[in-house]
Structure formats: C-alpha cells, structure tokens
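Biologist: Before I rely on the labels attached to this model, I would like to hear what each of them rests on. Could we take them in turn, setting the value beside the cut-off each time?

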Amino acid sequence: MSGETGPASAAPPPGEVEPGSGVRIVVEYCEPCGFEATYLELASAVKEQYPGIEIESRLGGTGAFEIEINGQLVFSKLENGGFPYEKDLIEAIRRASNGEPLEKITNSRPPCVIL
C-alpha cells in the first residue's frame, strides 16, 4: 500500500504555490447595466478553481465587460456582444499560470434578456 495517496485537497502541499498565484485579472464592467452580478458569478467560479488568483474589478463605460489577464485584454463584451463562458476564462487563466501565450476569447454567451 505504500506510495498511495488520498484524495486531492484544495490546499497545495507546504512549499507549493497555490494555483493561479502570480496571475492578475482585471474585470471592467458597466454597473448601471446590471453586470455586477455577472462579475461576481465569474469571480466566484475563478476563485474556486484558482484560489491564489488576484481579481480586481473596475467600473467601466456603458455596455462594458472587459477582462484583462496580466495586463492583456483577453475578452471584450463591446467586441463580442455577450459574456465569456467560464470554461474559456478558466482555460485562459491556466495558460497564463503556465506562462503560455494568451489568446483572445472569441466565444461568448448572449446577455440575459428578461421578458
């Protein structure tokens, strides 16, 4: 039985870096547009996957929901017309934390419409 390990825990072993450490995300969003809830939902999902990540929010212009990773714009609602999928943002963060080049996220889900 030696060499077997138990289930993986969320905390890294002593001496290891938390996933996402060294990655900085800035989300600029339009508060009057009601995008704060989308930001909070996205930030929560990211923090769950990458507890060591730094996420900052800024108030932006009308219709804005822009995401930068380490100073590079990776998503723009103004360009795409929707919001990013969590899986695409998580993948971009994984790439950034591994030192891989970042690509712009072009997939977007449409904004919710209340009828």
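Modeller: In this predicted model, the largest share of the lining of the largest cavity comes from α1, which gives four residues.

Biologist: Which residues make up that lining, and which elements give two or more of them?

Modeller: The lining consists of Ile25, Val27, Tyr39, Leu42, Ala43, Val46, Ile55 and Leu89, and the elements that give two or more residues to it are β1 (24-29) and α1 (36-49).

Biologist: What makes this space a cavity rather than a pocket?

Modeller: The term cavity is kept for a set of points where a 1.4 Å probe fits but cannot get out, whereas a pocket is an open set. A search of the whole structure finds one cavity of 30 Å³ or more, and about 40 Å³ of space lies in the largest cavity.

Biologist: How do you know that the span of helix α3 agrees with its number of residues?

Modeller: The expected span is 1.5 Å times one less than the number of residues, and for the 12 residues of α3 (residues 86-97) that comes to 16 Å; because the end C-alpha atoms are 16 Å apart, the two agree.

Biologist: Which other residues of α3 are buried, and what covers them?

Modeller: Besides Ala92, the buried residues of α3 are Asp88, Leu89, Ile90, Ile93, Arg95 and Ala96, and what covers the buried residues of this helix includes β1, α1 and β3 (65-69). In general, an α-helix has 3.6 residues a turn, so residues three or four places apart point the same way.

Biologist: What does Ala92 touch, not counting residues up to four places away in sequence?

Modeller: Ala92 touches Ile69, Leu102 and Ile105 under that condition, where contact requires heavy atoms within 4.5 Å. The C-alpha atoms of Ala92 and Ile105, which are 13 residues apart along the chain, are separated by 8.1 Å; that distance runs between C-alpha atoms, while the contact criterion is applied to heavy atoms.

Biologist: Why are Gly52, Gly60 and Asn70 called partly exposed?

Modeller: Partly exposed is the class between the buried limit of 20% and the exposed limit of 50%. Gly52, in the loop between α1 and β2 (54-59), has a relative accessible area of 22% and is therefore partly exposed. Gly60, in the loop between β2 and β3, has 23% and so is partly exposed. Asn70, in the loop between β3 and β4 (72-76), has 42% and so is also partly exposed.

Biologist: What is in contact with Gly60, leaving aside its neighbours within four places in sequence?

Modeller: Gly60 is in contact with Glu28, Tyr29 and Cys30. Gly60 and Cys30 are 30 residues apart in sequence, yet 4.9 Å apart in space, C-alpha to C-alpha. For Gly52, the C-alpha atom is separated by 4.6 Å from that of Ser21, 31 residues apart along the chain.

Biologist: What makes the phi of Asn70 worth a remark?

Modeller: Most residues other than glycine have a negative phi. Asn70 has a phi near 50 degrees, a positive value in a residue other than glycine. Gly99, which follows α3, also has a positive phi, near 80 degrees, but Gly99 is a glycine.

Biologist: What order do the elements of the chain follow from the N terminus on?

Modeller: They run β-α-β-β-β-α-α, with three helices and four strands in the chain. Of its 115 residues, 32% count as buried, and among contacts between residues at least 6 apart in sequence, 69% join residues at least 24 apart.

Technical notes. Residues numbered from 1 in each chain as written. Predicted model: local features only at pLDDT ≥ 70, side-chain atom pairs only at ≥ 80, totals over all residues. Heavy atoms only, no water. 1 Å grid on protein atoms, 1.4 Å probe; cavity = no way out; pocket = protein on both sides within 12 Å on 5 of 7 lines; lining within 4 Å. Points joined across faces, edges and corners; volume = space filled by probe spheres on them. Buried < 20%, exposed > 50% of the residue type's maximum accessible area, 1.4 Å probe, protein only.
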